[in-house]
Amino acid sequence: MRDFYVFLGPPGAGKGTQAKIVAARMGIPQISSGDIFRENLTNQTEMGILANKYIKVGELVPDDITISMVRGRISKADCARGAILDGFPRTPAQAEAFDGILKENGCRINKVPFIKVPENVLIERLSGRLTCRAEGHVFHKVNNPPREAGICDYDGSALYQREDDKPETVARRIRVYEQQTRPLIEYYMERGLLVEIDGDRSIDLVSAELTKILLDDEGNDV
Ligand code: ADP
Ligand code: ADP
């Protein structure tokens with residue numbers, strides 16, 4: 001049985017930061033739907049150009065496009081031992097489709113950590129976020145600065161501020177989260193998969209708790 005983990009939480013909660021750390025510790029891939037869309041935009045694929053019309057105004061990319069993109073991604077060989085998803089699913093329709101895809105493949109969701117952070121903290125985090133061009137590593141101007149200004153610690157590529165991290169779009173994205181993604185908390189709670197995590201603590205404390213919850217669960221040493 002291949003186990004998948006879904007990191008749930010509002011924009012800026014730390015899903016990407018934590019998914020990268022925990023996936024590396026567990027030796028499974030991190031799959032970020034936002035990173036895949038941005039990569040496609042950089043490569044100017046048809047899907048990337050279409051998705052960007054929604055991303056730049058803070059709206060969700062339509063479900064059919066997003067679901068088929070994730071379906072393709074999890075069928076790749078590196079997901080043979082499962083994966084951590086961050087940023088997907090984001091709507092009830094995506095969650096239902098994902099359940100169906102996993103079932104077809106004899107896989108399941110093991111846990112859904114919900115990273116909870118108050119709205120004022122989200123705004124501060126998103127407005128200071130710096131993202132790397134190559135692989136989507138994230139830093140923060142104040143909370144988590146790179147060793148060398150403007151350069152990614154991990155791959156040396158340039159850091160930039162995402163267009164959708166500007167204040168008007170941030171407010172829109174938080175509203176979209178409240179309307180379209182928040183219902184997933186109940187969806188996964190009803191299925192006994194949700195684990196609430198206090199995300200308003202240091203990156204290290206949050207990743208230690210997440211690692212413990214996910215690795216303990218697989219019966220491994222933490
Ligand atoms: P998400 O993927 O949920 O949108 P990110 O992982 O991209 O969130 O984090 C958003 C911003 O907040 C980034 O600038 C990141 O460096 C910073 N950040 C993440 N976790 C923490 C934390 N625990 N404390 C302070 N800043 C954080
Ligand atoms: P954040 O974690 O800061 O919200 P992401 O990188 O996850 O940012 O997503 C950026 C944008 O990409 C979203 O605002 C949305 O437009 C699009 N996107 C990412 N994942 C999805 C998804 N599962 N469904 C629809 N749109 C998505």
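A crossing of two helices is right-handed if the near helix is turned clockwise from the far one by less than a right angle, and left-handed if anticlockwise. Helix H4 passes helix H5 in a right-handed crossing. This is a predicted model, where local features need pLDDT of at least 70, side-chain atom pairs count only at pLDDT 80 or more, and totals for chains, interfaces and linings use all residues. Residues are numbered from 1 along each chain as its sequence is written, and side-chain values use heavy atoms, without hydrogens and water.

**Helix H5 and its partners**

- H4 covers residues 63-74 and H5 covers residues 92-104; helices (H or I, at least four residues) and strands (E, at least two) are DSSP runs, numbered from the N terminus.
- The axes of H4 and H5 come within 10 Å and cross at roughly 25°. Axes are lines fitted to C-alpha atoms, for helices over the stretch in contact, and angles run from 0 to 180 degrees between N-to-C directions.
- H4 and H5 are therefore roughly parallel to each other (angles under 35 degrees).
- Asp63, Thr66, Ile67, Val70, Arg71 and Ile74 of H4 meet residues of H5, including Phe98 and Ile101 (contact means heavy atoms within 4.5 Å).
- This contact of H4 with H5 has eight nonpolar, two polar and three charged residues. Ala, Val, Leu, Ile, Met, Phe, Trp, Tyr, Cys and Pro count as nonpolar, Asp, Glu, Lys and Arg as charged, and the others, Gly among them, as polar.
- H5 also packs with helix H8 (residues 183-190), at an angle of about 35° and with the axes 9 Å apart.
- Pro92, Ala95, Glu96 and Asp99 of H5 touch Pro183, Leu184, Tyr187 and Tyr188 of H8.
- The contact of H5 with H8 has six nonpolar, no polar and two charged residues.

**Second largest pocket**

- About 620 Å³ of space lies in the second largest pocket. A pocket is an open set of points on a 1 Å grid over the protein atoms alone, where a 1.4 Å probe fits, with protein on both sides within 12 Å along at least five of seven lines. The volume is the space filled by probe spheres set on the points.
- Its lining holds 27 residues, and the closest to its centre are Asp35, Arg38, Glu39, Arg133 and Gly136 (lining residues have an atom within 4 Å of a point).
- H2 gives the largest share of this lining, seven residues.

**Backbone exceptions**

- Most residues other than glycine have a negative phi, and most peptide bonds are trans.
- Phe88 and Pro89 are joined by a cis peptide bond, with omega about -10°.
- Gln44, in the loop between H2 and H3, has a positive phi near 55°.

Methods:
Chains are lettered from A and ligands numbered from 1 in the order in which they are written. Angles under 35 degrees count as roughly parallel, over 145 as roughly antiparallel, 65 to 115 as roughly perpendicular and the rest as oblique.
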